[in-house]
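Dear colleague,

Please find below the structure I am handing over to you, followed by a summary of what was found in it.

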Amino acid sequence: MSALYQLKDIGRRYGTRPVLDIDSLQLQAGRLYTLTGANGSGKTTLLQILAFLQPPNSGNLIFRGLPVTWSRGVLRQLRREVTLLHQSPYLFATSVYANVTFGLRSRGIRGEKLRRAAMAALETCGLSGFEGRSARELSGGEAQRVAMARALALQPAVLLLDEPLANVDSETSSLLLQVIRSLPKAGTSVIMTTHDPRHQSDLNSITIHLENGCVVSNATSSHSGIL
Ligand SMILES: Nc1ncnc2c1ncn2[C@@H]1O[C@H](COP(=O)(O)OP(=O)(O)O)[C@@H](O)[C@H]1O
Ligand SMILES: [Mg+2]
C-alpha cells in the first residue's frame with residue numbers, strides 16, 4: 001500500500017530565503033506524528049503544504065500514491081480529506097453549535113446527520129451542554145476545545161494540528177492529549193506540531209524534527225526518511 005504522503009525534494013522559500021528543504025519524507029496512514037523544531041524551523045509552513053493550502057516552490061508531493069497537481073478541482077477534493085487546526089483558531093461570533101457545524105453545512109450536510117456529528121464532536125471534547133454558548137465568551141481552553149470539535153466534526157482522514165496545546169491550561173491539555181491519542185485507532189492520521197518534548201512520550205508518537213527547514217534524524221527515526 002502506498003504511503004499517506006510522500007515528499008520528494010520539497011522546497012519552499014519566502015522571497016529568496018529558503019524555509020523548507022526536504023529531500024525525502026514518507027508519512028504512513030493511521031499513525032500519530034509530532035513535528036518538532038525551534039521557532040522559524042518551518043513547521044507551520046510544512047503543515048500548510050500537507051493541508052494543500054500552499055504549494056511548494058519545488059519538488060513533488062504525493063498523497064495516497066497520486067501526485068498533487070495543485071489544480072483547483074483536485075484541491076477541492078483533497079482538502080476534504082485533510083483538516084488543519086490553526087495555531088490561533090478563529091471562532092465566529094455565533095454559538096458554539098454554529099461554529100462546530102459550519103464546515104459540515106458548507107459541505108451540504110443537514111438534519112440529523114449534522115446534529116449527530118456535531119454532538120459527538122462536542123462530547124469528545126468535553127463540551128456537552130455548550131451548544132448554545134456564545135463562542136466569543138469562552139475561556140482560552142474552552143475555545144481551543146471548540147476549535148478541536150469543529151475539526152473533528154468534519155471526520156477528516158488526516159488531522160493536522162499546529163501547536164494545539166500551546167496556550168491551554170493543564171486540564172484542557174490532558175483532555176486534548178487523550179482525544180489526540182485516540183484518533184489513529186478511529187482511522188484519523190495525525191500530524192501535530194509541538195514545542196514540548198513531553199508530548200512525544202504522552203502520545204507515543206513518531207517524531208519528525210526540523211532544523212532550518214530540513215528533516216534531521218533523532219532518537220526515534222532512522223535517517224532514511226521513512227518514518
Ligand atoms: N508568509 C510569510 N512570509 C514571509 N516569511 C514567512 C511567512 N511565513 C513564514 N515565514 C518565515 O518562514 C520561516 C518558517 O516559518 P514557520 O513555518 O512559521 O516556522 P515554525 O512554525 O517552525 O515557527 C520563518 O523564518 C518565518 O519567518
Ligand atoms: Mg509555527
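Gly-11 stands opposite Ser-58, a residue of strand β4. This is a predicted model, in which local features need pLDDT of at least 70 and side-chain atom pairs count only at pLDDT 80 or more, while totals for chains, interfaces and linings use all residues. Residues are numbered from 1 along each chain as its sequence is written, and chains are lettered from A and ligands numbered from 1 in the order in which they are written.

Strands β1 (residues 5–14) and β4 (residues 58–63) run antiparallel and are joined by five bridges. Helices (H or I, at least four residues) and strands (E, at least two) are DSSP runs, numbered from the N terminus; two strands pair if DSSP finds at least two bridges between them. The open sheet has four strands in the order β2-β1-β4-β5, paired antiparallel. Its edge strands, β2 (17–27) and β5 (66–67), each pair on one side only. Helix α1 packs on this sheet and touches β1, β2 and β4, its direction making about 125° with that of β1. Contact here requires C-beta atoms, placed from the backbone, within 7 Å; axes are lines fitted to C-alpha atoms, for helices over the stretch in contact, and angles run from 0 to 180 degrees between N-to-C directions.

Helix α1 (residues 43–50) also gives the most to the shell around ligand 1, with three residues. The residues around ligand 1 include Tyr-14, Val-19, Lys-43, Thr-44 and Thr-45, where a residue is near if its C-beta atom, placed from the backbone, lies within 6 Å.

A second pairing involves strand β6 (residues 82–85), in which Leu-85 is found. Strand β6 pairs with β7 (residues 158–162) in the parallel sense over four bridges, and Val-82 has Val-158 as its bridge partner in β7. Both faces of β6 are covered, with Val-82 and Leu-84 buried on one side and Thr-83 and Leu-85 on the other. A residue is buried if 20 or more other C-beta atoms lie within 10 Å of its own, C-beta atoms being placed from the backbone; Leu-85 counts as buried because it has 21. The C-alpha atoms of Leu-85 and Leu-159 are separated by 7.6 Å, although the two residues lie 74 residues apart along the chain.

Overall, the protein chain has seven helices and 10 strands. Buried residues make up 37% of its 227 residues.

Yours sincerely

Methods. Two residues are in contact if their C-beta atoms, placed from the backbone, lie within 7 Å. A residue is buried if 20 or more other C-beta atoms lie within 10 Å of its own, exposed if 12 or fewer, and partly exposed in between; C-beta atoms are placed from the backbone.
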